[in-house]
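Dear colleague,

Please find the structure below, together with its sequence. My notes on it follow.

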Amino acid sequence: MAEITLVEAVRAALAHALEEDPAVVILGEDVGTDGGVFRATEGLWQRFGSARVRDTPLSEAAIAGVAVGLAAQGFRPVAEIQFQGFIHPALDQLANHAARLRNRTRGRLGCPMVLRAPFGAGVHAPEHHSESIEAIFAHIPGLKLVIPSSPARAYGLLLAAIRDPDPVVFFEPTRIYRAGREEVALDGASLPLGRAFTLRAGGDLTLVSWGAAVREALAAAEALSGEGIEVEVIDLATLRPWDAEAVLGSVRRTGRCVILHEAPRTGGFGAEVAARIAEEALDSLLAPIRRVTAPDIVPPLLRLEHLYLPQVDDVIAAAREVMQWR
Amino acid sequence: MPEPAAAAEDNRPYIIRAYGPDALRGALLRMFLIRNFEEAAEASYMRGLVHGTMHLSIGQEAVAVGACLGLTESDKITSTHRGHGHCIAKGADVGRMFAEFFGKETGYCRGRGGSMHIADPAKGNLGANGIVGGGLPIAVGSALSAKRLGTGAVTVCFFGDGANNEGAFHEALNMAAIWKLPVVFLCENNRYGMSTSTERSTAVPRVALRAAAYAMPGVTVDGNDISAVAEAVDAATARGRAGEGPSLVECLTYRWRGHSKSDRNRYRSREEIEAWMARDPIPRFAALLVAHGIMSEDEVRAAEAEAERVIEAGLEFARAGPDPSVADLTRDVYTTEAP
Ligand SMILES: Cc1ncc(C[n+]2csc(CCOP(=O)(O)OP(=O)(O)O)c2C)c(N)n1
Ligand SMILES: [Mg+2]
């Protein structure tokens, strides 16, 4: 057991994977000698050498494409894109190749790769260093998409992603890289992909979230409990395939649902969650589903960032409003 | 614009031959301004006034100023994440730049772009870019528009040595070449893209060699020698204006500071940094001006003091500016606000 931060958990999972499986290789910009911008790969190059922890030129399309080629030949590449905002040239390889290789070859080629990238706002950085575009990736059949919200889940889910036979996109919320420590058993045990985590039980309202926003979800639930509103907090953790059963089961019990995400509202993954509930649990709903999200804007800089990021009070207000329906 | 070429026997440095005293004094002042601006930006960052990160160009001033010296306001530039110098060299107001850093309404982008996204279209600066290589194809589009409209304007596209490995670099150079566009691809080769040296990132020893693949001239010059930079860029812009197409100019230089504020400088040695600091482009240009009787030592010192005053006033302006209005949060995502 160790008390570690989320970024340390990522590093520990990468080290464990490199140790246990010689097919695992890491590649990306500044991941080697420098240990990564956020230090996620710190020390791995020294320990495992440059054949397995490889610095690449600034070439995002090729980083992703090389990972596809390696994966198709039996390696287990873990590629890093330095910030989510730089991922777009890599999206071509992910969407057009990584996601389809298995289907296109009718299973003769697989693509057991992971593509990691830090993402999300809250570090006062501009535009591409702050956005949350997970919905784009969740929309692509063939890709899996994981977003951890705690050190323990980062550790277990990253190991699962690396061991998974399909391509997994793994987004790490920078805002909580070092926001807190948690006891993690560094025993190489993975956590299941595609399963949600119920972080707090409650009978009055279901609150669905993922990534860094889970912190605000838990804080809001704590505050609402003081008002006599018991909130069930569900961390989806995997957005594709996502655990609809966990959400539907909870909503059937509570009859109310608030969805919280950091990404802008329109076309966000919250819309998918809401649609599924409407399709399959409408008869259980006592109130309209509410979404608490960023507005539909480009992430603004420091001075307006708090207006972009959903706040605990926004969640509380949405919950109170939903509770008023009888 | 450079003045007509002087007589053949004149063996003074290019910049002295090609530019008059006012332009030369202005160039030195701009170099001082950039240096002082960067130092003040760094100090502001340390005091918590600037958030996120920022990329300083201390040591690279001769490239920005030399490249922009022969440009007019109708000529365009595209800039990079390390773009403060480009902005100033293209005539930006340092007060509005600081205001942008501090996230104020009086900043160039009304506090929305920050250090990495200053644009000053009125002066021909199409903008800095937080995406490495992002400006390359945009510069080609800008040059195509100049060609279509017959404006005679050239576009100078700044990019780093790291950017030359992005696909966008290769796509942009090829397109500019097949359409013979008035664009100058200006590589600031400061030896590193973040922690990765050009030796480890780039298959050719000189970025300029890549010009051959796109059938355009490519030259490598000492980027700490403003005269050499101006000479190469002026030749390239003349070629562009004459309809002969694009050029690649590689300027060898060095950033004294780390890549950004979180850099631990583990990939390079103290000795290397100090060797480059000894090749400071600013005193070098000042000495050239003094040697050729353009300025006295006292006038050089006065220019430096003038730059300090301008920077101080700029900081004052930025500090006094209002914060962005909350009511404006959703403005300018679209031309007309979404319902
Ligand atoms: C597409 C993209 N990839 C990665 C980054 C992160 N990043 C910012 S600057 C930089 C290094 C750029 O090197 P170079 O082009 O040589 O410019 P320099 O920083 O040396 O001025 C990196 C990797 C980015 N901003 N955009
Ligand atoms: Mg560089």
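In which strand of chain A is the place of A:Val208? That residue belongs to strand S10, residues 205–209, where strands (E, at least two residues) and helices (H or I, at least four residues) are DSSP runs numbered from the N terminus.

Before going further, please note that this is a predicted model, in which local features need pLDDT of at least 70 and side-chain atom pairs count only at pLDDT 80 or more, while totals for chains, interfaces and linings use all residues. Residues are numbered from 1 along each chain as its sequence is written, and chains are lettered from A and ligands numbered from 1 in the order in which they are written.

To return to A:Val208, this residue counts as buried because it has 29 C-beta neighbours inside 10 Å. The term buried requires 20 or more other C-beta atoms within 10 Å of the residue's own, with C-beta atoms placed from the backbone. Not counting residues up to four places away in sequence, A:Val208 touches A:Ile234, A:Leu236, A:Val247, A:Cys257, A:Ile259 and A:Val273; contact here means C-beta atoms, placed from the backbone, within 7 Å. The C-alpha atoms of A:Val208 and A:Asp235 are separated by 6.2 Å, although the two lie 27 residues apart along the chain.

As to chain A overall, its secondary structure consists of 12 helices and 14 strands. Its radius of gyration, taken over C-alpha atoms, is 19 Å, close to the 20 Å that the globule rule (2.2 Å times the number of residues to the power 0.38) gives for 326 residues, so the chain is as compact as a globular protein of that length. Buried residues make up 58% of the 326 residues. Of the contacts in chain A with a separation of 6 or more, 80% are between residues 24 or more positions apart.

Chain A is divided into domain 1 (2–184) and domain 2 (197–323), with bounds from an automatic or database domain assignment. Their contact takes 25 residues from domain 1 and 24 residues from domain 2. On the side of domain 1 that touches domain 2, helix H6 (134–138), strand S6 (144–146) and helix H7 (151–163) each supply at least two residues.

Finally, 34 residues of chain B are in contact with 28 residues of chain A. The chain B side of this contact has 11 nonpolar, 18 polar and 5 charged residues. Ala, Val, Leu, Ile, Met, Phe, Trp, Tyr, Cys and Pro count as nonpolar, Asp, Glu, Lys and Arg as charged, and the others, Gly among them, as polar.

Kind regards

Key. Buried ≥ 20, exposed ≤ 12 C-beta atoms within 10 Å, placed from the backbone. Contact = placed C-beta atoms within 7 Å.
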